[in-house]
There are 4 protein chains.
Amino acid sequence: MSQSLTLGFSCPDQPGIVHSVSSFIVTVGGNITESQQYEDRDTRLFFMRVEFDVEDSTNLETVRNAFAAVGERFSMKWKFVEESQKERALIMVSQYEHCLNDLLFRHRSGALDVEIPLIVSNHPDLEEMAKWYGIPFVHIPVADKAAAEVQLRALIDEHNIDVVVLARYMQILSQEFCADFAGNIINIHHSFLPSFKGAKPYHQAHQRGVKVIGATAHYVTSELDEGPIIEQEVARVDHAFTPEELAAVGRDVEAQALARAVRWHAEHRVYLSGKRTIVFK
Amino acid sequence: MSQSLTLGFSCPDQPGIVHSVSSFIVTVGGNITESQQYEDRDTRLFFMRVEFDVEDSTNLETVRNAFAAVGERFSMKWKFVEESQKERALIMVSQYEHCLNDLLFRHRSGALDVEIPLIVSNHPDLEEMAKWYGIPFVHIPVADKAAAEVQLRALIDEHNIDVVVLARYMQILSQEFCADFAGNIINIHHSFLPSFKGAKPYHQAHQRGVKVIGATAHYVTSELDEGPIIEQEVARVDHAFTPEELAAVGRDVEAQALARAVRWHAEHRVYLSGKRTIVFK
Amino acid sequence: MSQSLTLGFSCPDQPGIVHSVSSFIVTVGGNITESQQYEDRDTRLFFMRVEFDVEDSTNLETVRNAFAAVGERFSMKWKFVEESQKERALIMVSQYEHCLNDLLFRHRSGALDVEIPLIVSNHPDLEEMAKWYGIPFVHIPVADKAAAEVQLRALIDEHNIDVVVLARYMQILSQEFCADFAGNIINIHHSFLPSFKGAKPYHQAHQRGVKVIGATAHYVTSELDEGPIIEQEVARVDHAFTPEELAAVGRDVEAQALARAVRWHAEHRVYLSGKRTIVFK
Amino acid sequence: MSQSLTLGFSCPDQPGIVHSVSSFIVTVGGNITESQQYEDRDTRLFFMRVEFDVEDSTNLETVRNAFAAVGERFSMKWKFVEESQKERALIMVSQYEHCLNDLLFRHRSGALDVEIPLIVSNHPDLEEMAKWYGIPFVHIPVADKAAAEVQLRALIDEHNIDVVVLARYMQILSQEFCADFAGNIINIHHSFLPSFKGAKPYHQAHQRGVKVIGATAHYVTSELDEGPIIEQEVARVDHAFTPEELAAVGRDVEAQALARAVRWHAEHRVYLSGKRTIVFK
């Protein structure tokens with residue numbers, strides 16, 4: 001019997017990285033099952049993600065320590081994840097329910113292998129849906145924004161949250177919050193960014209007369225709709241679509257883009273390289 | 001034996017339009033083979049395109065006169081086109097040859113049923129290609145922009161040009177020119193507008209880290225990259241694409257979007273409704 | 001105030017049909033809001049769908065009677081539908097829940113404007129889901145196939161069912177059943193038909209090494225996976241997808257194709273022409 | 001200054017392969033620029049493709065010899081390719097010119113980095129096109145099939161051809177020919193295989209009423225349209241498309257699928273694993 005480990009890292013590019021990593025894996029008796037790498041010519045950073053199996057009896061602490069030397073040698077930012085360690089996601093939502101429903105359905109059917117300890121909303125509307133899927137729901141009104149974020153931070157802390165998913169959460173988080181959880185907040189914007197930032201993108205799309213609409217899942221930064229893009233999905237439309245019909249088509253596209261982004265993030269397939277993401281699908 | 005006519009019009013919406021048009025067609029002994037209509041709720045305009053067959057012996061002047069009364073009654077902007085009347089396109093190009101080659105190949109193989117009396121370029125490079133396809137090529141340097149446009153206007157006049165196609169023509173036409181030929185200049189922009197207007201869109205796309213790129217065929221107005229969109233095409237990309245590789249993928253997408261836009265325009269399928277187009281595919 | 005009517009018909013093609021229909025609409029004081037038509041050159045049939053508004057006070061019985069003469073004159077198969085008459089769909093399902101969940105979610109959110117009086121399954125598993133969405137659920141085991149169909153027919157009768165939707169129902173219906181409800185049973189097949197008919201299409205797709213997978217929503221006929229296709233959706237895959245991963249991607253594609261097919265059918269946009277469908281989107 | 005090498009191989013899967021390959025690369029002073037691997041769970045084969053740079057002064061014969069030991073140890077089928085060694089492609093065509101034109105245009109513009117020493121056709125029609133692109137053209141009539149293949153083999157030999165590209169070549173090659181050049185003949189079939197094998201696929205697609213059409217680039221085996229698929233491309237269509245219009249849309253899809261397949265093959269990105277291909281894009 002074996003257990004599966006995922007190692008992901010980035011570091012300044014130089015010769016010998018892959019060799020050192022593969023030596024390390026041989027040393028711990030590992031067998032590589034999936035491996036991807038990328039050298040970013042803009043940032044001169046090297047990225048790698050490797051999944052490998054080790055004996056069930058292997059002491060993972062020892063594995064980690066063995067890798068630490070490699071990590072140090074190459075100045076890596078690295079992370080080891082065991083199969084059993086599931087990413088813990090807190091979902092935030094307002095009143096649009098399609099993305100929430102999609103995530104919860106995928107979670108329930110096993111297609112989205114994360115833990116969802118909590119749903120937070122600034123509206124009480126979707127409590128019933130959360131309940132049916134068996135996920136605790138907390139209503140945090142935003143009349144007092146600062147107080148709301150204090151409460152949110154406390155919940156993140158209490159539930160050991162790894163990633164916050166904004167599944168059509170229509171409030172803007174504070175700059176401090178975005179900075180503190182940088183790279184761990186995923187938002188779905190209902191347009192093909194950088195087109196149609198800000199409010200009412202389907203109305204903007206209708207007015208501009210575009211023939212394809214899209215949705216963008218991205219990490220949240222303090223700059224609105226400017227964070228690194230993880231995934232985008234598009235759909236063909238024509239002149240006859242009203243803004244409401246664009247929004248209806250858009251709902252499918254949003255749900256798909258967000259679900260993929262959350263899954264890839266949870267599988268440690270997404271790496272930041274400046275304002276861009278490296279996604280090892 | 002019969003001949004085919006295409007009637008296209010727009011007018012303020014009101015009841016009875018379709019009935020009057022179909023009455024007219026019955027009157028001239030026509031048989032409808034294709035018909036599309038659209039009521040724009042924003043502009044309150046009604047658009048219709050109908051193809052119908054009439055006897056070969058039918059006097060088309062009579063048909064036109066018969067319709068004039070209908071057109072006047074509903075304040076229509078209308079156009080009758082006979083099967084034999086092909087749209088006359090002047091293609092403008094700089095040094096990128098993919099869109100030109102695509103249009104000329106489609107023209108040669110019969111897939112693009114227009115007449116191309118002339119290719120105009122601000123560079124001499126593509127003369128050989130034009131020659132091989134048997135299309136006259138005129139090199140108009142743009143050192144003196146005003147003089148160049150005078151020459152261009154003279155050629156448009158001389159060759160009875162209906163539509164100017166900018167197949168990666170990298171110069172900006174004057175506001176006067178754009179205004180005078182409004183609705184009859186088609187440009188291909190190498191991005192998914194309104195994203196990445198202006199120069200070097202593939203570099204912009206690379207920097208922004210988008211996961212889908214696109215191209216936009218649009219009518220040219222005096223405002224850069226802001227004209228009514230006729231068609232858009234997209235392609236999926238990922239982090240590993242350099243700006244040059246984005247451009248390579250983009251070339252296919254550009255050629256396809258432009259070819260469709262020109263074909264639809266030439267078949268009188270595209271109508272302007274404010275800043276948007278109605279496209280009866 | 002006005003009410004909306006939808007008229008759909010097919011008939012042997014001949015001149016004057018559109019004129020007669022538009023005359024009729026003028027006669028009853030109607031205003032056309034959407035209209036599509038198609039002449040099938042293979043079957044020589046003409047198809048038309050027209051939506052129009054009439055005064056709220058209009059007697060619909062009178063409208064129907066007025067059209068009967070037109071219908072008879074052109075040997076039409078025609079149907080009038082009032083805005084308030086919603087298609088009544090019975091959904092059948094086995095154990096895969098993704099298509100059922102998708103239909104019920106769209107129904108609940110208003111995107112799928114049908115009535116769903118009943119869900120029928122040969123397994124008890126999905127009763128909880130049906131209950132949450134507030135739809136009655138009947139478990140009909142299929143140990144005795146004939147008895148099961150008797151019970152199904154009774155339910156269809158009792159609930160005035162218009163259309164039966166097989167949302168991954170894994171049993172084969174009898175030839176008699178298929179014949180009696182021809183054109184009113186929609187199935188989703190989990191392949192891009194006609195590729196991979198029959199069982200385990202994702203395993204077949206994996207073995208054949210296809211680079212794109214698909215799903216097909218079609219009317220059910222007595223010949224397995226051979227009925228007229230209403231909609232198909234596809235997704236790009238690669239060599240690294242296991243049959244299970246193909247199935248996971250396929251679930252999204254199946255749900256989308258089926259949802260569109262059911263919506264178009266419910267909006268009376270789908271017409272049969274031999275073994276093909278005309279879909280007025 | 002450095003030179004780029006591409007190493008591709010397959011072998012029975014076992015631990016230590018990647019480590020041995022990366023050790024080898026370190027030994028020869030190489031720096032990995034791109035690397036992909038795949039373990040086929042069905043065939044238990046491991047596939048790897050790695051690009052790496054070595055000093056310009058490096059003796060490539062030495063590199064090859066150094067790798068031979070690794071290859072033998074793991075029972076690899078392996079191949080080293082230097083940057084300057086371009087795949088030599090012979091294109092075969094009948095009368096449809098769109099795929100030929102597309103390949104030649106990409107070749108001319110540098111997007112398809114192969115050598116094309118020769119075009120062979122069973123018709124004289126496309127000689128002019130070949131001439132314009134500056135590629136020798138040989139007309140081999142197929143009245144006597146055996147003689148034609150003798151001549152073809154002689155040309156392949158004479159021109160050191162690596163790969164034969166059937167760019168809508170409408171003749172069937174003999175079983176012996178297919179066997180002798182297995183894995184080195186690429187065909188474009190004008191359907192989404194395995195749908196619509198054999199003749200007139202667009203007519204078959206029209207009759208079946210599909211809503212999406214496709215094209216398939218595949219290696220040729222002695223079994224018609226059954227060879228391993230390299231790439232597929234699709235396009236959405238509807239009921240209104242005649243077989244001729246399906247074919248027109250199909251031409252674009254065919255050209256794209258074939259161009260990608262040829263490029264990937266030429267870049268040594270395609271590996272055979274039973275009846276499937278591994279494509280390291």
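Copies are superposed by least squares on the C-alpha atoms of residues with pLDDT of at least 70 in both. In this predicted model, such a superposition brings chain B onto chain A through a rotation of 180° with 0.0 Å of shift along the axis, at an RMSD of 0.0 Å. That is the relation of a two-fold axis. The same surface serves both copies, since 100% of the contact residues of chain B recur in chain A. Among the residues of chain B, the closest approach to the rotation axis is made by Ser195(B), whose C-alpha lies at 2.4 Å.

The interface between these two chains draws 37 residues from chain B and 37 residues from chain A. Together, chain B and chain A bury about 3100 Å², and 50% of this area falls on carbon and sulfur atoms. Of the area that chain B buries against chain A, 24% is supplied by Arg208(B), Lys211(B) and His239(B), more than by any other three residues.

Chain C and chain B are likewise related by a rotation: 180°, with 0.0 Å of shift along its axis, superposes chain C on chain B with an RMSD of 0.0 Å. Here too the same surface serves both copies, with 100% of the contact residues of chain C recurring in chain B.

The predictor assigns the complex an ipTM of 0.94 and a pTM of 0.96. In chain A the average pLDDT is 95, and 100% of the residues score at least 70.

Within chain D, an open sheet is formed by 4 strands in the order β2-β3-β1-β4, with antiparallel pairing. Its edge strands are β2 (31–40) and β4 (77–82) of chain D, each of which pairs on one side only. From one strand to the next, the twist averages 10°. Strand β1 (residues 2–12) of chain D is joined to β4(D) by 6 bridges, and the two run antiparallel. In this pairing, Gly8(D) stands opposite Lys79(D) of β4(D).

Two helices of chain D pack on the sheet. Helix α1 (residues 17–27) of chain D touches β1, β2, β3 (45–55) and β4 of chain D, and its direction makes about 15° with that of β3(D). Helix α2 (residues 60–73) of chain D touches β1, β3 and β4 of chain D, with a direction at about 165° to that of β4(D).

Strand β2 of chain D contains Gln37(D). With a relative accessible area of 14%, under the 20% limit, Gln37(D) is therefore buried. Leaving aside neighbours within four places in sequence, Gln37(D) is in contact with Val18(D), Phe46(D), Phe47(D), Met48(D) and Phe280(D) in chain D, and with Ile32(A) and Ser35(A) in chain A.

In chain C, Gln37(C) is found in strand β2 (residues 31–40). Its relative accessibility is 14%, so Gln37(C) counts as buried. When residues up to four places away in sequence are not counted, Gln37(C) touches Ile32(B) and Ser35(B) of chain B, together with Val18(C), Phe46(C), Phe47(C), Met48(C) and Phe280(C) of chain C.

Definitions and conventions: Residues numbered from 1 in each chain as written. Chains lettered and ligands numbered in written order. Predicted model: local features only at pLDDT ≥ 70, side-chain atom pairs only at ≥ 80, totals over all residues. Heavy atoms only, no water. Contact = heavy atoms within 4.5 Å. Pairing = 2+ DSSP bridges. Axes fitted to C-alpha atoms, helices over the stretch in contact; angles between N-to-C directions. pLDDT = per-residue confidence, 0-100. Buried < 20%, exposed > 50% of the residue type's maximum accessible area, 1.4 Å probe, protein only. Buried area = accessible area lost by both parts, 1.4 Å probe.
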